[in-house]
Amino acid sequence: MPLEITPAAPADYDWCARLMTSSDPWLTLGRTLPDCLAVLHRPGAELYLARQENSPAGFVLLAPYGFAGSPYLAAIAVAPAARGQNIGSELLAFAERLYTPRGHLFLLVSSFNHRAQALYRRRGYQSAGEIKDYLAPGTSELILHKKLS
């Protein structure tokens, strides 16, 4: 099915926040609906929604100047019913195309989020560091980077 990725409308933010509260890493980290809404509304962040047949399928939250002045992928999620259809890869490819002129894209991924780590590594992201006990005691946030050509 064709996937359409467009800037999120104000009405989409609640759907995205609810998806976050029911998905990892936010579920494991115990993030509430208000926590997730606050992340989505962070100043300077840009939220894009993926739709299949006019139904929300996932989203990506981007910060154009979020990591040492470089583009930063702040959040990405795919609805349970849409998983396994390459939507996460499509959202990553969208972000990479958007920021190709900038040359780099950074993200953090939780040490316990193995499925996301595998996706990022398949897409060419490499380790740039680790922040221990950053979001939760006993876990790390892995800093990943991709040089965009």
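This is a predicted model: local features need pLDDT of at least 70, side-chain atom pairs count only at pLDDT 80 or more; totals for chains, interfaces and linings use all residues.

Modeller: Residues are numbered from 1 along each chain as its sequence is written, and side-chain values use heavy atoms, with hydrogens and water left out.

Biologist: Which residues of helix 4 are buried?

Modeller: Helices are DSSP runs of H or I with at least four residues, strands are runs of E with at least two, and both are numbered from the N terminus. Buried means under 20% relative accessible area and exposed over 50%, with partly exposed in between (1.4 Å probe, protein chains only). By this rule, the buried residues of helix 4 are Ala-116, Gln-117, Leu-119 and Tyr-120.

Biologist: Which residues does Gln-117 touch, not counting residues up to four places away in sequence?

Modeller: Gln-117 lies in helix 4, residues 114-122, and is buried, with a relative accessible area of 13%. Contact means heavy atoms within 4.5 Å. The residues that Gln-117 touches are Val-109, Ser-110, Ser-111, Phe-112 and Leu-142.

Biologist: What is the angle between the planes of Tyr-120 and Tyr-125?

Modeller: A search of the whole structure finds three aromatic pairs. Rings of Phe, Tyr and Trp (its six-membered ring) pair if their centres lie within 6.5 Å; planes under 30 degrees apart count as stacked, over 60 as edge-to-face and the rest as tilted. Tyr-120 is buried at 5% relative accessible area, and Tyr-125 is buried at 3%. Their rings form an edge-to-face pair, 5.9 Å centre to centre, and the angle between the planes is 65 degrees.

Biologist: Is Leu-47 buried or exposed, and with what relative accessible area?

Modeller: Leu-47 lies in strand 2, residues 46-52. Leaving aside neighbours within four places in sequence, Leu-47 is in contact with several residues, including Tyr-13, Leu-40 and Phe-59. Leu-47 is buried, and the relative accessible area is 4%.
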